[in-house]
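Visitor: Hi, can we go through this one together? I'm new to reading structures.
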Amino acid sequence: MTDKTQTMRTGAACRRWGIGLIAAVLMLVIPGAGVLHLWKDPDVILLVPEGQARWIRYREPSTLNAYLPERVTTVFRRQIRIEQLPEKAPLTLRALKTAEVYLNGQLRAPSHHDPRRWKEPRRVDLASGLVVGDNELRIVVTHENGHPALLAHCSEPWIVSDHRWQASHDGRRWLPALPVDDISPLSVSREFPRSDRALVSLLPLFVPLFALVCLWSLRGDASAGGMRWPPLSPGAVRWLLLGAWLAMAVNNFWKIPVPFGMDFPGHTQYISYVATYWRVPLATEGWQMFQPPLFYYLEAVLFRSFLPLFEPDTLVRLLKLLPLACGAAHVEISYRVCRLARPGRADLQVIGTLVGGLLPMNLYLSQSIGNEPLAGCLTALTILYACRTLSGDDRSNREGALIIGFTLGLAMLAKPTALLIVAPLVLFLSAALWQRGRSRGQRIRAVLRYLIVLLGAAFVVSGWYYLRNYIEMGRFFVGGWDASRDITWWMNPGYRTPGQFYHFGEALLYPVYSSIFGFWDALYSTLWSDGFPSSLISRKDLPWNPAFMTGGALLSLIPTAAISAGVVVALKKGEGPGLQMLRFSVLCGILYLSALVYLFTTVPILTSVKASYASGLTPCIALLATAGFDVLARRRPVRAVLYGLLACWSLCVYAAYVVV
């Protein structure tokens, strides 16, 4: 080995270590800054216990109601028996949001009258007001947009806020205070069959299917000399799924109620507005009018075209054709992405097409009116073209950049969530182009040209809308919860606790509205079932088949395990287009997950986290599932079992959303 070669290798190793060190620092600094912001921001309702003191509130069941701002007061009281008077009795309290402290009927600390200072601890010395014997401590907490809550502790005498306190709204009816982590299930969730019982009731259907697929898989392995032989070719599975989507659309067209789906009145109001005035409304002009306009303009064209031909009910049903087409497009996109990432592996292409084409969030979301199916479809299409570039399948870098930028711009003109894939696109596509260049100068020029074309095309398509927002509203993006819209409301639980970030399990048995228990239940229940049953509040109004829908929550552990294993595969050492696509998928997933965590924390309502926000990552989910199944299904018996379970899952999720 020459000295020059050794020096080059040493330099490359140093660069890798340097890049790794920078990445590690960024991974620590950026989340740390985010946590610090969330900790101090008074708009983030995060209730963290202190020692043995717990946040407590008035004991009342959670509901599905949306509440307008209203001044609500809760009185908390605790009886204290003193045998010997202490010299000091420093009480530390935090209140959501303002509080007055009374001891034995005497005001000890008035309210500071600034609700934005609620995270600042207040300290009150109780010593001078205590008497030997029984004492009563009362703390009056007021909140105008959520549950009043209290955290208090004092070392001498021993006082901590816990279940031993009492709470009242009127000072007459007293109930034991409720720790804020003690959240009761919503009554509507218990109207649906429990997942395990639903699955047992479906065994007469699933057992024969499972046995048939297992035997078919084992026979195929044997006939192929031990090779992995799928029962159907990927192309056949693709056409089968597209036919199934068409059959579902035809079957459900007249059976699903007209006013159906999340925020149905807001979406139809937006479409009607555009069809009448043909201009983009401001975010303050309606419930859903903070959304970008692409979906609503396309629907307005459809609305005006068919207005003279159909009755209003039929016309509204026709507006669902665009979301349905977008949902079905995930079948084709997943199929093509898996062909790029797994050439020569028909079995994995079949699995990826099945998982991507039958994701429950796309099945139920695409049967109502809203912009998320279109945004998800366009984002997934952008990812498909990005994977073509990563695989080296693009004939022209400039043409590929133009197509990716155009589809990205359309996706951002449908929903701003597409912005989250910009960083992974820039990083991975730049790296792919860099490796193809012959010299350093050529590489730099190729990367810069590519990024200028890509980002320039995206800006030309969608930039005007975000610039308009900035000019008219003072910010590029206006969210549905933005204070500038003057639309203030809240839903349960109205706050977040650390337990809501690590609690998980309710979605496995009672997926419907399990989001009230925490982040992971919300994510799982909306990814693998209609966890918010299309915003309906009763089982009798939901057209889906409840046994299949809830039973699918347990069967979905199979693709979940495969996706998790696929993430591990993506992190292993190695090179190649397929592995780069997996890593691209993981990074996209991390960014979307981070955005959902932020949303979950800053908008503490029941429906703030929906997996459907990430429907554009459907091809990424399909790719990770193929990588996971490749690892989990290496042994023939295990492979046969997994194929059988995957067949049962496919039938279950499809049957859940075909209206009988």
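Visitor: Is W278 buried or exposed, or something in between?
Guide: W278 is partly exposed, with a relative accessible area of 38%. Buried means under 20% relative accessible area, exposed means over 50%, and partly exposed is in between, using a 1.4 Å probe and protein chains only. Keep in mind that this is a predicted model: local features need pLDDT of at least 70, side-chain atom pairs count only at pLDDT 80 or more, and totals for chains, interfaces and linings use all residues. Residues are numbered from 1 along each chain as its sequence is written, and side-chain values use heavy atoms, with hydrogens and water left out.

Visitor: Okay, and where does W278 lie?
Guide: W278 lies in the loop between helix 5 (264-277) and helix 6 (294-306). Helices (H or I, at least four residues) and strands (E, at least two) are DSSP runs, numbered from the N terminus. Phi of W278 is positive, near 55°, and this residue is not a glycine.

Visitor: Which other residue has a positive phi although it is not a glycine?
Guide: N104 does, at about 55°. You'll find N104 in the loop between strand 5 and strand 6 (106-109). With a relative accessible area of 31%, N104 counts as partly exposed.

Visitor: New topic: what kind of peptide bond joins L96 and K97?
Guide: A cis one, with omega about 10°. K97 has its place in the loop between strand 4 (90-96) and strand 5 (98-103). Another cis peptide bond joins E156 and P157, and its omega is about 0°. P157 sits in the loop between strand 9 (149-154) and strand 10 (159-160).

Visitor: Last one: how many residues does helix 21 have?
Guide: Helix 21 (residues 618-632) has 15 residues. From first C-alpha to last, helix 21 reaches 21 Å, close to the 21 Å expected at 1.5 Å a residue. The expected span is 1.5 Å times one less than the number of residues.

Visitor: And why is helix 21 largely enclosed by the rest of the structure?
Guide: Because 13 of its 15 residues are buried.
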